[in-house]
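Welcome, and thanks for opening the viewer. Keep your selection tool ready, and we will go from one stop to the next.

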Amino acid sequence: FSVGSGRSAIHWAAQSGHGEVVELLLQVAPLSACALDEKGMSPTDLAEKELQLSAMSALNHATYEEEWLILDLRLEEQLSRRIEVPPSPSKEDVGEAEDLDLRVQAIK
């Protein structure tokens, strides 16, 4: 293992085959299964590379759940953007609109 590789604890646990540690880390930080190191490797990639079956099993199960969590977060973000209520017009804006209406009616 090299220092400064951009790997987190879950990367090390996955590569070393510590499935129980991987599960514990995923309980604390579920999205860590998606973390990439400096070479673009995820914990799942490292576990598969080293044929670490217990870590692969934990990560595959977690990755499915995380995909739903990510989708939920994206949906929540999109909904919050759509629900934004524009500010109410000020009295000055209303007055200007009424003046414009009066001018348009006078022209007709």
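Start by selecting H11: at 0% relative accessibility, this residue counts as buried. Its place is in helix 1. Before going further, please keep in mind that the model is predicted.

**Around H11**

Show what surrounds H11. Neighbours within four places in sequence aside, H11 is in contact with G6, A35, L36, D37, M41, S42, P43 and L46. Now zoom in on the side chain of H11, which reaches the backbone oxygen of M41 at 3.2 Å.

While you are here, colour the rest of helix 1, residues 9-16. Its buried residues are I10, H11, A13, A14 and Q15. Just after helix 1, click on G17, where phi is positive, at about 80°.

**Across to S42**

S42 is found in the loop between helix 2 (19-28) and helix 3 (43-49). Is S42 buried or exposed? With a relative accessibility of 11%, S42 counts as buried. Apart from neighbours within four places in sequence, the contacts of S42 are H11, A33, A35 and L36.

**The salt bridge**

How many salt bridges does a search of the whole structure find? The search finds one. Here it is: the side chains of D37 and R7 meet at 2.9 Å, N to O. The pair links distant parts of the chain, 30 residues apart, with D37 in the loop between helix 2 and helix 3 and R7 in the segment before helix 1. Side chains of opposite charge can pair when their charged atoms come close.

D37 counts as buried, because its relative accessibility is 7%, under the 20% cut-off. R7 has a relative accessible area of 22%, so it falls in the partly exposed class.

**Into the nonpolar core**

For the next stop, select I10, A13, A14, V22, L26, A33, A47, A55, M56, A58, L59 and A62. These twelve residues make up the largest nonpolar core. Helix 1, helix 2 and helix 4 (53-82) each supply at least two of its residues. Which helix gives the most to this core? Helix 4 does, with five residues. In soluble globular proteins, nonpolar side chains tend to be buried together.

Centre the view on V22, one of the core residues. Leaving out neighbours within four places in sequence, V22 is in contact with I10, A13, A14, A55, A58 and L59.

**Zooming out**

Finally, switch to a cartoon view of the whole protein chain. Of the 108 residues in the protein chain, 22% are buried.

One last figure goes with the contacts you have been clicking through. Among contacts between residues at least 6 apart in sequence, 58% join residues at least 24 apart.

Note on methods
Residues numbered from 1 in each chain as written. Predicted model: local features only at pLDDT ≥ 70, side-chain atom pairs only at ≥ 80, totals over all residues. Heavy atoms only, no water. Helix = DSSP H or I, 4+ residues; strand = E, 2+ residues; numbered from the N terminus. Buried < 20%, exposed > 50% of the residue type's maximum accessible area, 1.4 Å probe, protein only. Contact = heavy atoms within 4.5 Å. Salt bridge = Lys/Arg side-chain N within 4 Å of Asp/Glu carboxyl O. Core = buried A, V, L, I, M, F, W, Y, C linked by side-chain atoms within 4.5 Å. Polar contact = N/O pair within 3.5 Å; in protein donor to acceptor, adjacent residues only side chain to side chain.
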